[in-house]
Amino acid sequence: PGCFGYPLSIFFIVINEFCERFSYYGMRAVLVLYFKYFLQWDDNLSTAIYHTFVALCYLTPILGALIADSWLGKFKTIVYLSIVYTIGQAVISVSSINDLTDHNHNGSPDNISVHIALSMIGLILIALGTGGIKPCVSAFGGDQFDDDQEKQRTRFFSIFYLSINAGSLLSTIITPILRAQECGIHSKQRCYPLAFGVPAALMAVALVVFIAGSGMYKKVKPQGNIMIQVSKCIAFAIKNRFRHRSKQYPKREHWLDWASEKYDKRLIAQIKMVLKVLFLYIPLPMFWALFDQQGSRWTLQATTMDGNFVAIQIQPDQMQTVNPILIVIMVPVVDTVVYPLIKKCKINFTPLRKITVGMFLASLAFVAAALVQVQIDKTLPVFPAAGQSQIKIMNLGTADATVSFGSSIQNVTVMPRQSTGYMTYKTSQLQSLNIASGNKSATVRDNLIEGNRHTLGVKSTVTGLYATLLFDNVTSKPEEGNNLIRFINNFPNAVNVTMGDTSFGTVMPIFASNYRLFPGGQKHNITVQSRTSQQVMSCSVTSKALGFGSAYTIVLNECSKDGLNVTYSEDIPPNTVHMAWQIPQYFILTCAEVVFSVTGLEFSYSQAPSNMKALLQAGWLLTVAVGNIIVLIVAGASKLSEQWAEYVLFAALLLAVCIIFAIMAYFYTYVDPNEIEAQLDEEEKKEVEKKQEEYEKQAEADSQM
């Protein structure tokens, strides 16, 4: 059965691939944030586990190819491993259910190790599944065509690549939206079970669709794996060369020729071609080391940025969609516009030059990321180091207040209803604080806690001078663009405060409430109820629009006829660097991917015989795996405390590798596998003819006897 000249079975395969990629990229998009916010790991551990997982996903294809070619055949391999894969996806979505171990309903899991164990099992199953299927699905698709359908087959591979990107694009947009929802039985949380559950459901759909087409597929019997044959041949050559290492044996042209006693000329010639290409692969992992940090470091970078795009609020993990969007646009543009233009300029843009340019661009993208990081670092608050304390003075009264910290530090004067920023001092210097306001004075003897922030509230009234030293329990910027809000009560009596739907309870005069989290980019209604012996007063005001990632102390002054009078004091500045500043680095990296990734596979196929394609595909995927392992090593070994410095380090490493690759490429001579095959055919033909002649001569001689 056919449709538009394509075998009908192809449509099942393309749909299956779309669902599988949706499932994989959707899960991968939210993975780093799941580690960070749900499993409560720090940035470095999250990054490390993320890259270990990606590396595993690219190591298992070699296993998948071996199983399919030597044992089960492609169809069965895809079915069995898809089942493993679906189970893995289900396990990780169960692992992210907060209520699984949250027995006291406080919104965080009581037994985090259960969740960690489950998610690791899930990830290992997923890595086995996705990796094992990867080499089989595209090859299985190719098997469906007859030899005379070369044109359709090529078109199929483009459609196939497109379905991969469509799946990854949609899932990178959708899963972060699902993650940002609030859900949970006892306490509302970020909805990781949904974000992992939808990919799991789609994987099940992919499996059902694939099995549904079972009757239509051409199922090629397993042919035995070329990799095993190649490895045996190489091992024999090395062994044989080692046996004949003394001077008396004549040298051979190439070390592989030592296998000629046991293996035929054709196989040896083919392996030589493959090894030539694989040698060029050695520098390539460095490219992937940078490329795959989009899902880890760059996503974590986005969490410290402002994601407010006019009407919509972008989640940090959604920035990754810039890549597939640009891929879908750039691939055709580069093919139809850029390459022809370069050709017109009489420049010979060979595949190896394209790959070199790709590496250079990727290193440029990381320089761009470093520049953005430097801008972000300027907006990050400075927290006190060991042996230091920070203090902020808030004058709640109507007269100037002066605070003296002792002889060695300058006095600080604060205007009425104003506050200072945080000032950093050595903790040992801050033993006693003398306060004067109007004609009254007071002394606060309080031991400040080192490494922490404090707020000193001062208020001069008719009856005396009041001062409270508040301990500010904030040591880092609020995550995910949320804001921390607390209130200081400047009313003469206790008040009840609510903001939005959140109640802050009763706050005593000149005291502060605790900090509470509020989502970014919104305004909230602040309501105050104060009880005096005569009456209950209530007044309210709408807060100013909160930014992303800030902390404010809001001072409640009084109820006036216009409503509630409040003053804002900024404890932590909001994220001011806009997420749009990540677009340049994504754009440069996507350009790099287009010239690097697409060209790389094309080049490999053009330089090796057709029966060795699986081997090269495995080699190519191996470079991705090694690249992710490089991230682990570099990020672990470099004790760089500054993130921008790490970006620069990666850029420099890739640039160095790029130069080495350029030199290797310069000495590479292109081959045409078909010509070499034809030559071998010719030689074989001649040998057969020669044998035939000898046989005939022998026969003639025999007949004359």
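1. Glu689 belongs to helix 16 (residues 673–704); helices are DSSP runs of H or I with at least four residues, strands are runs of E with at least two, and both are numbered from the N terminus. With a relative accessible area of 44%, Glu689 is partly exposed (buried is under 20%, exposed over 50%, partly exposed in between, with a 1.4 Å probe and protein chains only).

2. The model is predicted: local features need pLDDT of at least 70 and side-chain atom pairs count only at pLDDT 80 or more, while totals for chains, interfaces and linings use all residues. Residues are numbered from 1 along each chain as its sequence is written, and side-chain values use heavy atoms, leaving out hydrogens and water.

3. The whole structure contains 16 salt bridges, each defined as a side-chain nitrogen of Lys or Arg within 4 Å of a carboxyl oxygen of Asp or Glu. One of them joins Asp43 to Lys36, at 3.0 Å from N to O. Asp43 is partly exposed at 29% relative accessibility, whereas Lys36 is buried at 12%.

4. Glu684 and Arg266 form a salt bridge with their closest N and O atoms 3.6 Å apart. This pair links helix 16, which holds Glu684, to helix 8 (residues 265–281), which holds Arg266, across 418 residues. Glu684 is partly exposed, at 41%.

5. In the salt bridge between Asp571 and Lys392, the closest N and O atoms are 2.4 Å apart. Asp571 is in strand 22 (residues 563–572) and Lys392 in strand 7, so parts 179 residues apart in sequence are tied together. Both Asp571 and Lys392 are buried.

6. Strand 7 (residues 388–395) runs antiparallel to strand 10, with 4 bridges joining them; pairing requires at least two DSSP bridges. Ile391 has Met423 of strand 10 as its bridge partner. Met423 and Tyr425 make up the covered face of strand 10 (residues 423–426), and Thr424 and Lys426 the uncovered one. Side chains in a regular strand alternate between the two faces of the sheet.

7. Two non-glycine residues deserve a remark on backbone geometry. Lys346 has a positive phi near 60° and sits in the loop between helix 11 (322–344) and helix 12 (351–379); its relative accessibility of 77% makes Lys346 exposed. Ile510 has a positive phi near 55° and lies in the loop between strand 17 (502–507) and strand 18 (516–518). Ile510 is buried, at 12%.
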